[in-house]
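Dear colleague,

I am handing over the structure below, and my notes on its contacts, sheet and disulfides follow it. Please read them alongside the coordinates.

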Amino acid sequence: MKAASILALIGCLVTITESKVYTRCKLAKIFSRAGLDNYQGFSLGNWICMAYYESHYNTTAQTQLEDGSTDYGIFQINSFTWCRHAKLQEKNHCHVACSALLTDDLTDAIICAKKIAKETEGMNYWQGWKKHCEGKDLSEWKKGCEVS
């Protein structure tokens, strides 16, 4: 009985990160409100398309890379350069823990994505964008969505 009580208590203390997969239109609204539409000259369609091909709009997406680093969250932001995982040698240019990029609150992820777009070659950082979105008509990505 005592063991069952302890296990129940431990179960209450453990937090589970549930995967949040946004819809295209919900992201369009969030991205628009966050000022991503035409940020650094990239339309809202670019950001929505990129997020789809990077993470399929999944906030908890993680990809382990061959170099030992990990890409995190909806924008697949890399731990070696942009966020802090655990190692002190990481650059952490966004001044954010990688775990903060895995939450349903996209504030840190958007701030970091803006920094990446501003400090690198626009959206060329994201391979999903380069392969599937660059140079294409992206108006369909926000079609039918109410954005303010």
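Which side chains meet in a salt bridge at 3.7 Å, N to O? They are those of E140 and K143, where a salt bridge is a side-chain nitrogen of Lys or Arg within 4 Å of a carboxyl oxygen of Asp or Glu. Please keep in mind that this is a predicted model, in which local features need pLDDT of at least 70 and side-chain atom pairs count only at pLDDT 80 or more, while totals for chains, interfaces and linings use all residues. Residues are numbered from 1 along each chain as its sequence is written, and side-chain values use heavy atoms, with hydrogens and water left out.

By this rule there are 2 salt bridges. K143 is exposed at 53% relative accessibility, the classes being buried under 20% relative accessible area, exposed over 50% and partly exposed in between (1.4 Å probe, protein chains only). The other pair is E119 with K115, at 2.8 Å from N to O; these two residues are 4 apart in helix α4 (residues 107-119), which separates them by about one helical turn. E119 is partly exposed at 48%, and K115 is partly exposed at 26%. Helices (H or I, at least four residues) and strands (E, at least two) are DSSP runs, numbered from the N terminus.

The sheet is open and consists of 3 strands in the order β1-β2-β3, with antiparallel pairing, two strands being paired if DSSP finds at least two bridges between them. Since β1 (62-64) and β3 (77-78) stand at the edges with a single partner strand each, one side of each has no neighbour in the sheet. Strand β2 (residues 70-72) is joined to β3 by 2 bridges, and Y72 stands opposite I77 in β3.

A search of the whole structure gives 4 disulfides, each a pair of cysteine sulfur atoms within 2.5 Å. One of them is formed by C25 and C145, with the sulfur atoms 2.0 Å apart; the torsion about its S-S bond is about -75°, so this disulfide is left-handed. It links distant parts of the chain, from C25 in helix α2 (residues 24-33) to C145 in the segment after α5 (127-132), 120 residues apart. C25 is partly exposed at 26%, whereas C145 is buried at 13%.

Another disulfide joins C83 to C98, S to S 2.0 Å, and is right-handed with 90° about the S-S bond. Both C83 and C98 are buried. With the bonded cysteines of the protein chain numbered in sequence order, the pairing reads 1-8, 2-7, 3-5, 4-6.
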